[in-house]
Amino acid sequence: AEGMLGEEGENAELQYNWGVALSGLAGALKETENRQAVAQADDALLMACERYGMVTAMDPNNSKSYNNWGAALTQLAENRGGEEACRLLPIATEKLEQGLTIEPNDLELLSNMGDALHQWASLTAPSDWQRAQALWAGSYQRYEQALSLCEYPSDRVDCLSNWSYALSVHAEAAKQIGDSATATSLYHTSAERLKAVLSINTTDCDGYVACAEALKNAAECGEGGVSGGFDGVASALEASLRIDMSHIETLGALGELCLDSGRELVAAGMRDPGVARLSQAWDWYSKLLSLTPTDSNALYNAACVHALAGNLPQGIECLGRARSAEEMAGSDIQEWISGVVGDADLANLHHQAGFA
């Protein structure tokens, strides 16, 4: 491409298009999930940034170049993580802010700024919680502004989904420092954003599963635990099943919900309702396994269900099938066995023939 530029090398439009092509190449390379390709993606992003820099030097009012430059730096930060990400994200937000100075009501600029600030906040939280809180607040403000500018349903879905994800990461960070009240509130708000998505994409089973996960996380942080929030979570998942009775992720989520609730109830001394809830978990896992008989995660969770409920032979059978599935997948079996031995859910199986 260098040789093709000739005297047009200083042409802003050509440099911009070259940058866009490099950004697109970076995205395609990253999707291959190949280590060498990811490194090449980083190189493409760096070259794209150089092009956008050239454009803004020639045309200081080119807001699209500032937008793409900031987005490329944000993607590069996500790829590299750690200290390098902490160095790149302030630069990314600076470029996006320069674009917003030119076009303060640009949907893409506002959305990308929300993403960059959220990513920066998540990296800052472990060392400076107050600073992270301010960055998250700025992120949410940008998402709110972007949402008000969305003309098309697809744009609203993207904005609400990114906002929901930022809230869930914020909630997890609050949970890590023991602030359960803040975490619960943030998870609920994340679920509300996903409900807004579902009001647009009414047949999105994955969306219902994501909403249920946010509600379940909120319940786990509350005093009532998973059992206290059971009905709301189950309702979201049942809405998914009304769309697709064979949706694997929904069946797995219902099994996990009943397993977690059953475990809580048994641990609280309410064995009969706990075992009843565990029986429900097995019903869901049984349906899932009729569709995917070698799903190692479902088989493992089913073993936990049976062990907690006292159905030891069935627990051993499911655990053996889970091991076979892991072996077929080429997993490190010694590492898998170590996890099995340390899992309190499976304690009742430790002295059974065939354990692990």
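User: By class, how many nonpolar, polar and charged residues does the lining of the second largest pocket have?

Analyst: A few conventions come first: this is a predicted model, in which local features need pLDDT of at least 70 and side-chain atom pairs count only at pLDDT 80 or more, while totals for chains, interfaces and linings use all residues. Residues are numbered from 1 along each chain as its sequence is written, and side-chain values use heavy atoms, with hydrogens and water left out.

A pocket is, on a 1 Å grid over the protein atoms alone, an open set of points where a 1.4 Å probe fits, with protein on both sides within 12 Å along at least five of seven lines; its lining residues have an atom within 4 Å of a point. For the classes, Ala, Val, Leu, Ile, Met, Phe, Trp, Tyr, Cys and Pro count as nonpolar, Asp, Glu, Lys and Arg as charged, and the others, Gly among them, as polar. Here, the lining of the second largest pocket has 5 nonpolar, 5 polar and 1 charged residues. Among them are Tyr165, Tyr187, Leu194 and Glu213.

User: Which elements give two or more residues to that lining of the second largest pocket?

Analyst: Helices are DSSP runs (H or I, at least four residues), numbered from the N terminus. In this case the contributors are helix 8 (153-176), helix 9 (180-200) and helix 10 (205-221).

User: What volume does the largest pocket have, and which residues lie nearest its centre?

Analyst: A volume is the space filled by probe spheres set on the grid points, which are joined across faces, edges and corners. For the largest pocket the volume is about 420 Å³. Of its 20 lining residues, Ala71, Ala72, Thr74, Gln75 and Asn112 lie nearest the centre. Helix 4 supplies the largest share of this lining, 8 residues. The classes in the lining are 7 nonpolar, 9 polar and 4 charged residues.

User: Is Ala12 buried or partly exposed, and which residues does Ala12 touch?

Analyst: Buried means under 20% relative accessible area, exposed over 50%, and partly exposed in between (1.4 Å probe, protein chains only). Ala12, which is placed in helix 2, has 23% relative accessibility and therefore counts as partly exposed. Contact means heavy atoms within 4.5 Å. Not counting residues up to four places away in sequence, Ala12 touches Val55 and Met58.

User: Which residues touch the most other members of the largest nonpolar core?

Analyst: In soluble globular proteins, nonpolar side chains tend to be buried together. A nonpolar core is a set of buried Ala, Val, Leu, Ile, Met, Phe, Trp, Tyr and Cys residues joined through side-chain atoms within 4.5 Å. In the largest one, of 57 residues, Trp136 and Tyr140 touch the most other members. Its largest share, 9 residues, comes from helix 8. Apart from this core lies another, of 52 residues, among them Cys258, Ala322, Ile333 and Trp336.

User: How many aromatic pairs does the structure hold?

Analyst: Rings of Phe, Tyr and Trp (its six-membered ring) pair if their centres lie within 6.5 Å; planes under 30 degrees apart count as stacked, over 60 as edge-to-face and the rest as tilted. The structure holds 5 such pairs. One of them, Tyr16 with Tyr52, is tilted, at 6.2 Å centre to centre and 55 degrees between the planes.

User: Why is the pair of Tyr300 and Trp336 edge-to-face?

Analyst: The ring centres of Tyr300 and Trp336 are 6.4 Å apart and the planes stand at 75 degrees, so the pair is edge-to-face. Both residues are buried.
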